[in-house]
Amino acid sequence: VVDDYWYHTELGHNIGTSGVVNNTLGHLAGWKGANWTHTDDLFSGATAQIVHQAKETNKPFFVYLAFQSVHGAAKQAQAKCSLINEHYSTTQKDNWKLAGAMRTSLDQAIGNVVNALKETGLDSNTVIAFLSDNGGAHSRSGANWPYRGSKHTLWEGGIRVPSFIWSGSQQLIPPERRGTQWSGLSHSSDWFRTIPEGMIGVTLAPDSSPQPPDGFNLWPAIINDEVSPRTSIVHSLYTPSIVAAAPQDGGTIRGKNSKLVVQIGQYKYAKGPLGWDGFSEWPTPGTQSIPYGTSIDGSEVGLTEDGTDHCRGNMRSKDNLHMKPRAPNCKNGCLFDLERDPGESKNLWGRSKGSIVTIKRELLALLVQSIQEVQGTPWAFPCDMDVLKTFSFHIRDRAEANNSWTGPYTQPWVLDSCNEQGPFEPDATLEYTGPIVQAVSPHPC
């Protein structure tokens with residue numbers, strides 16, 4: 001839930017009336033200057049207090065700092081006019097001025113936290129990990145170039161995000177690694193082990209979470225510039241309502257449209273509609289200053305709150321979007337080499353070279369294994385188990401009464417392309433000798 005950036009109300013309600021808002025901002029309501037204080041300053045100020053308290057008490061601390069920026073609030077984007085005037089005067093349209101100023105505000109807020117760490121000397125024993133939950137929304141002035149897609153999609157623009165780590169400690173992050181990039185494969189679940197095991201040096205117990213941790217400790221690989229211990233990612237097995245909450249962002253995935261997306265190394269397999277498949281780019285600044293509130297080219301004009309530094313407006317954007325090169329149709333399966341083709345424009349699935357055939361086999365084995373691991377788990381699939389239809393299984397029996405698949409499956413069996421729902425092109429018949437999915441017993445939903 002996103003509250004007003006200055007008045008800290010959520011959709012017109014006072015702070016604390018919403019349980020979610022109360023959990024995030026309610027305990028800050030008594031913080032000095034809370035009202036009329038920008039939420040980025042409020043959050044970073046409260047975090048700075050935690051840092052100073054940790055110094056006084058000599059106790060370790062952990063902070064999960066989830067800023068509201070760069071989300072809109074109460075259907076508005078909100079930013080400091082002073083930041084717009086200082087940094088984005090030559091940006092031609094108000095929606096992009098707002099989007100830029102919100103990012104700059106976020107940057108400054110993180111700077112406030114870093115300053116607190118330096119002031120207390122705790123920067124020498126603290127690590128900051130910066131990350132995002134998803135790519136930018138193309139319809140809300142999000143820019144994901146050179147990756148295709150947007151928030152609410154399974155293209156790289158929706159699921160690949162920038163991240164960095166920082167520490168004032170030369171021991172935690174050695175000088176030779178500072179300012180460098182690590183390109184190893186990683187997943188958000190890996191933070192669960194990387195932070196305690198890598199940064200702190202403790203071992204997670206098997207019962208430290210509801211399910212045994214399946215992430216990896218990436219810290220040694222990152223710090224030593226080594227190969228990632230993670231070799232694959234299961235991005236999606238079946239997500240029928242991925243954009244049901246935000247149809248304006250490309251809401252085509254709903255109902256029984258199954259989507260299968262897995263990755264091994266630089267190769268990504270995708271089958272099904274993956275959402276909006278264009279590109280979004282940050283606009284090139286103009287040569288002259290354009291005052292906020294006088295946006296050109298028909299863009300929605302932003303508003304300034306009289307007597308304040310509050311600029312508001314709509315981040316909705318239809319400009320700086322393009323569809324070329326066009327995305328392949330992944331109805332029958334796509335294979336992308338993300339290292340050579342980060343924009344996911346070249347479908348390699350129909351190729352039959354030795355290395356491609358091998359990676360196809362490995363990707364399909366990963367899919368089958370993943371379904372095995374989650375089958376029978378109520379939260380994993382909807383009741384009808386439609387996802388299993390995508391595998392061209394040679395099925396001996398199907399129970400129509402409860403819409404569940406029953407076994408046994410014939411073994412060995414062939415993934416053949418004669419079935420139009422199969423993942424292979426017509427000339428790519430392969431025999432699969434990996435594990436067989438066992439019978440799926442129906443479960444209540």
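Predicted model: local features only at pLDDT ≥ 70, side-chain atom pairs only at ≥ 80, totals over all residues.
In this report a residue counts as buried when its relative accessible area is under 20%.

**Disulfides**

The structure holds 2 disulfides. One of them joins Cys 81 to Cys 311, with a distance of 2.1 Å from S to S. This pair links distant parts of the chain, since Cys 81 belongs to helix 3 (residues 81-87) while Cys 311 belongs to strand 9, and the two stand 230 residues apart. Cys 81 has a relative accessibility of 8% and therefore counts as buried, and Cys 311 is buried as well, with a relative accessible area of 2%. The torsion about the S-S bond of Cys 81 and Cys 311 is about 120°, which means that the disulfide is right-handed.

The other disulfide joins Cys 330 to Cys 334, again with 2.1 Å from S to S. Here the torsion about the S-S bond is -100°, and the link of Cys 330 and Cys 334 is left-handed. Both Cys 330 and Cys 334 are buried.

**Salt bridges**

The count of salt bridges comes to 10.

| Residue | Partner | N to O distance |
|---|---|---|
| Arg 312 | Asp 4 | 2.9 Å |
| Lys 80 | Asp 41 | 2.8 Å |
| Glu 156 | Arg 160 | 2.9 Å |

In the salt bridge of Arg 312 with Asp 4, Arg 312 lies in strand 9 (residues 310-313) and Asp 4 in the segment before helix 1 (19-24), so the pair ties together parts that are 308 residues apart in sequence. Arg 312 is buried at a relative accessible area of 10%, and Asp 4, at 9% relative accessibility, counts as buried too.

Lys 80 forms its salt bridge with Asp 41; because Lys 80 lies in strand 1 (residues 77-80) and Asp 41 in helix 2 (residues 39-57), the pair ties together parts that are 39 residues apart in sequence. Lys 80 counts as buried at 16% relative accessibility, whereas Asp 41 is partly exposed, with a relative accessible area of 26%.

Glu 156 forms a salt bridge with Arg 160, and salt bridges that share partners join Glu 156, Arg 160, Lys 268 and Glu 344 into one network.

Methods: Residues numbered from 1 in each chain as written. Heavy atoms only, no water. Salt bridge = Lys/Arg side-chain N within 4 Å of Asp/Glu carboxyl O. Helix = DSSP H or I, 4+ residues; strand = E, 2+ residues; numbered from the N terminus. Buried < 20%, exposed > 50% of the residue type's maximum accessible area, 1.4 Å probe, protein only. Disulfide = S-S within 2.5 Å.
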